[in-house]
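I opened a notebook for this structure. These are my entries, in the order I looked things up.

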Amino acid sequence: MPSGIVALVGRPNVGKSTLFNRLTGQRQAIVDELAGLTRDRLYGVTEWRGRRFTVIDTAGIDPSLIRDDPGLAVLAAGTQQQARLAIEEADVCVQLVDVRAGITALDQEVATILRRGGKPVILAGNKAESTRDPHYAHELYCLGLGEPTMISALVGTDTGDLLDRVVDDLPPAGNTNGAVIADELRLAIIGKPNVGKSSLLNALVGEERALVSPLAGTTRDTVDTIVRHRDRAVRLVDTAGIRRRGVIDTNVEHYSLLRAFRALERSDVALLVVDANEGVVAQDRHVAGYAVDAGKGLVVIANKWDLVDQERRADPSFLKSLQEAFDFIPGVPLLTVSALEGRNLRRVLDTAATVATARAVRIPTAALNTLLRDAFLAHPPRNDKGRQLKLLYATQASTPAPTIVLFVNDPDLLHFAYGRYLENRIRAVFGFAGTRMRMVARARADRER
Ligand code: GDP
Ligand code: GDP
């Protein structure tokens with residue numbers, strides 16, 4: 001499970017997205033490609049020294065910086081706004097500066113915001129790979145952020161040192177607030193503003209009075225709401241965040257996105273609400289990908305079904321097109337709902353419970369090995385430069401989200417397509433609907449160690 005949020009902050013062009021891509025890596029890129037989401041990725045999960053955490057490229061959360069050609073004033077305001085969001089919602093902030101360009105006024109403004117935020121801040125001097133280019137490393141100290149770590153995001157130099165510092169500054173894993181009731185189902189309701197999250201929440205709770213009102217103006221008030229469903233406690237995580245509107249005036253959207261990451265961390269299953277009438281947008285798919293990548297179960301709620309006209313409602317291809325937007329996540333359930341009219345509401349918690357159960361399935365080791373041996377026989381892996389992947393043994397790791405560890409002769413021989421094939425064979429028997437399955441290949445030596 002990822003735990004902890006790290007935000008990459010800095011003025012445009014210092015190398016945030018380059019570093020982001022380096023940290024969140026190849027696997028995610030492949031997944032995104034499958035989902036047709038190569039552009040504008042903003043958050044990913046990474047792992048360092050056994051700690052999994054979320055990395056956010058803050059540049060991506062302000063679309064005004066990507067669109068058109070924003071003026072300088074807009075850029076500066078946007079950069080500062082990102083720093084504020086980061087300091088509010090992240091556990092650790094990494095400010096990037098360009099050592100070849102030296103420190104600018106905007107760098108300084110960002111540093112001031114971060115310094116005042118009371119969160120750990122790490123200063124990274126990027127583009128430091130060349131000893132021949134002029135260097136302004138000495139200027140970095142004037143930001144008042146302490147010792148900088150010099151890196152090259154492009155080449156990868158010393159990014160490990162940076163990650164060491166990040167991991168040291170993260171709060172202990174799993175240190176999330178709120179006692180957990182045994183066997184409770186923890187749900188996060190996420191989605192863009194205005195799709196009907198708080199309406200859904202209210203409808204699920206039954207009556208608005210049951211909710212605790214958050215205090216206005218504070219940001220860290222995490223209020224959960226617990227409802228009972230078929231004798232099970234269902235915790236609706238961070239209901240304060242769902243109901244809060246317009247806290248950071250124009251940036252509600254970015255705000256709610258960061259808040260959603262927080263809520264996801266503490267949940268088992270995400271209810272992703274989309275507007276059925278407006279259709280699925282790229283951001284919905286991003287968030288869905290993120291949720292399953294973070295090891296959460298996912299249920300898509302196509303809300304406002306009452307607004308969809310009769311003709312499209314009766315047209316199977318319309319529903320299919322909604323479903324297809326998420327087909328990069330095998331078996332993700334999609335429910336057509338009207339929070340306003342109460343349509344299909346009963347199925348929401350039932351489906352969430354089913355997904356949670358599916359996610360918790362433990363495959364007996366013997367059954368897993370038989371299944372995989374059959375899969376290898378039915379469709380052997382292709383030779384790669386004369387060598388062939390050999391499976392020695394497989395086991396399901398004892399993690400909350402399904403992770404299959406394959407002990408093989410050489411992990412490099414497990415190609416993506418073959419991993420997918422094995423995954424599909426496992427899914428055909430054990431389901432795991434609406435959950436990302438991780439397939440990890442290890443060399444035999446790892447097992448003996
Ligand atoms: P962002 O606007 O902060 O996200 O910056 P980008 O990641 O888009 O990088 C801006 C430019 O700097 C791109 O042309 C990158 O290739 C380049 N860049 C990023 N990191 C490095 C680095 O470590 N060394 C060098 N030489 N160039 C870099
Ligand atoms: P949130 O920003 O995602 O929490 O969205 P809200 O729950 O505040 O809803 C935004 C607007 O959509 C409000 O005006 C709701 O009344 C409306 N709305 C929510 N659910 C439905 C629905 O199922 N059908 C219709 N027609 N409107 C809805």
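How many nonpolar, polar and charged residues does the shell around ligand 2 have? I counted by class and got five nonpolar, six polar and five charged residues. I note here that I am working from a predicted model.

**Entry: ligand 2**

I listed the neighbours next. There are 16 residues around ligand 2. Asn-194, Lys-197, Ser-198, Ser-199 and Asp-306 come nearest.

Gly-196 has a backbone N or O atom 3.0 Å from an oxygen atom of ligand 2. Lys-304 uses its side chain: an N or O atom there is 3.1 Å from an oxygen atom of the ligand. At Leu-340 I found a polar backbone atom 3.2 Å from an oxygen atom of ligand 2. Ligand 2 taken alone exposes 570 Å², and the protein buries 79% of that.

**Entry: ligand 1**

I repeated the search for ligand 1. It has 15 residues around it. Those that come nearest are Asn-13, Lys-16, Ser-17, Thr-18 and Glu-129.

Which helix supplies the largest share of the shell around ligand 1? I found helix H1, residues 16-34, with three residues. By class, I noted four nonpolar, six polar and five charged residues in this shell.

The contacts I wrote down here involve backbone atoms. A backbone N or O atom of Asn-13 lies 2.7 Å from an oxygen atom of ligand 1. For Lys-16, I read 2.8 Å between a polar backbone atom and an oxygen atom of the ligand. For Val-14, the corresponding distance is 3.2 Å. On its own, ligand 1 has 580 Å² of accessible area, and the protein covers 75% of it.

**Entry: helix H8**

I moved on to H8, which runs over residues 282-293. It has 12 residues. From its first C-alpha to its last it reaches 16 Å, close to the 16 Å expected at 1.5 Å a residue.

Is H8 mostly covered or mostly uncovered? I found it mostly covered, with 10 of its 12 residues buried. Among them are Asp-284, Arg-285, His-286 and Asp-293. Val-287, Ala-288 and Tyr-290 are also on the buried list.

I looked just past the helix. Gly-295 follows H8, and its phi is positive, near 85°.

**Entry: Gly-206**

Where is Gly-206 found? I placed it in the loop between H5 and strand E8, residues 225-229. Why do I call Gly-206 exposed? Its relative accessible area is 58%, and exposed means over 50%, so Gly-206 qualifies.

I also took one distance from this residue. Gly-206 and Val-227 are 21 residues apart in sequence. Their C-alpha atoms are 9.2 Å apart in space.

**Entry: the whole chain**

I finished with totals. The protein chain has 14 helices and 15 strands. It holds 449 residues, and buried residues make up 53% of them. I put its accessible surface at about 20,500 Å². Carbon and sulfur atoms account for 50% of that surface.

My last look was at contacts along the chain. I took those between residues at least 6 apart in sequence. Of these, 74% join residues at least 24 apart.

Key:
Residues are numbered from 1 along each chain as its sequence is written. Chains are lettered from A and ligands numbered from 1 in the order in which they are written. This is a predicted model: local features need pLDDT of at least 70, side-chain atom pairs count only at pLDDT 80 or more; totals for chains, interfaces and linings use all residues. Side-chain values use heavy atoms; hydrogens and water are left out. A residue is near a molecule or strand if one of its heavy atoms lies within 4 Å of it. A polar contact is a pair of N or O atoms within 3.5 Å; within protein, one must be able to donate a hydrogen and the other to accept it, and residues adjacent in sequence count only if both atoms are side-chain atoms. Accessible areas come from the Shrake-Rupley method with a 1.4 Å probe; for residues, only the protein chains shown count as cover. Ala, Val, Leu, Ile, Met, Phe, Trp, Tyr, Cys and Pro count as nonpolar, Asp, Glu, Lys and Arg as charged, and the others, Gly among them, as polar. Helices (H or I, at least four residues) and strands (E, at least two) are DSSP runs, numbered from the N terminus. The expected span of a helix is 1.5 Å times one less than its number of residues. Buried means under 20% relative accessible area, exposed over 50%, partly exposed in between (1.4 Å probe, protein chains only). Contact means heavy atoms within 4.5 Å.
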